[in-house]
Amino acid sequence: MTTNGGGPAPDEALFAEMGALIREMASAGVLLATGGLGQGFHVSSAGGELSITDGPYAEAKETIVSFALIEARSDEEALQLARRFWSVVGDGEGDVRPVFGTPE
């Protein structure tokens, strides 16, 4: 799951509630990692030539600002965890994406 910038600024209550959710998910064994992501650069390759630009987002409000790597048994479980996460965060947007190629 990722969260994109542009939502409300976090406050102490949000940090406390998110901390409780993170501890709960970690105890249940579904939370594998969390973290923040900074603005990087975008690389594209065509004909053996690399093009490097600021990005990958046009504006700072579009950046991915945090992530949670979860282990869900199904799409429905991933969506259930995402619903719980967004019930804490409130307004905003993000993505739920599968990770391929991880060892079993």
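A: Read along the sequence, the chain runs β-α-β-β-β-β-α-β, where helices (H or I, at least four residues) and strands (E, at least two) are DSSP runs numbered from the N terminus. This is a predicted model, in which local features need pLDDT of at least 70, side-chain atom pairs count only at pLDDT 80 or more, and totals for chains, interfaces and linings use all residues. Residues are numbered from 1 along each chain as its sequence is written, and side-chain values use heavy atoms, leaving out hydrogens and water.

Q: How many helices and strands is that?
A: Two helices and six strands.

Q: Which residues of α2 are buried?
A: Glu-77, Ala-78, Leu-81, Ala-82, Phe-85 and Val-88. Buried means under 20% relative accessible area, exposed over 50%, and partly exposed in between (1.4 Å probe, protein chains only).

Q: Where do they sit around α2?
A: On the same side, because they cover an arc of only 140° around the axis, taken from the directions from the helix axis to the C-beta atoms.

Q: And on the other side of α2, what is exposed?
A: Asp-75, Arg-83 and Ser-87.

Q: New topic: how many residues are in the largest nonpolar core?
A: It has 12, including Leu-14, Met-18, Ile-70 and Phe-85. Such a core is a set of buried Ala, Val, Leu, Ile, Met, Phe, Trp, Tyr and Cys residues joined through side-chain atoms within 4.5 Å.

Q: Which elements each supply at least two of its residues?
A: α1 (12-27), β5 (64-70) and α2 (75-89).

Q: How much of the chain is buried?
A: Buried residues make up 22% of its 104 residues.
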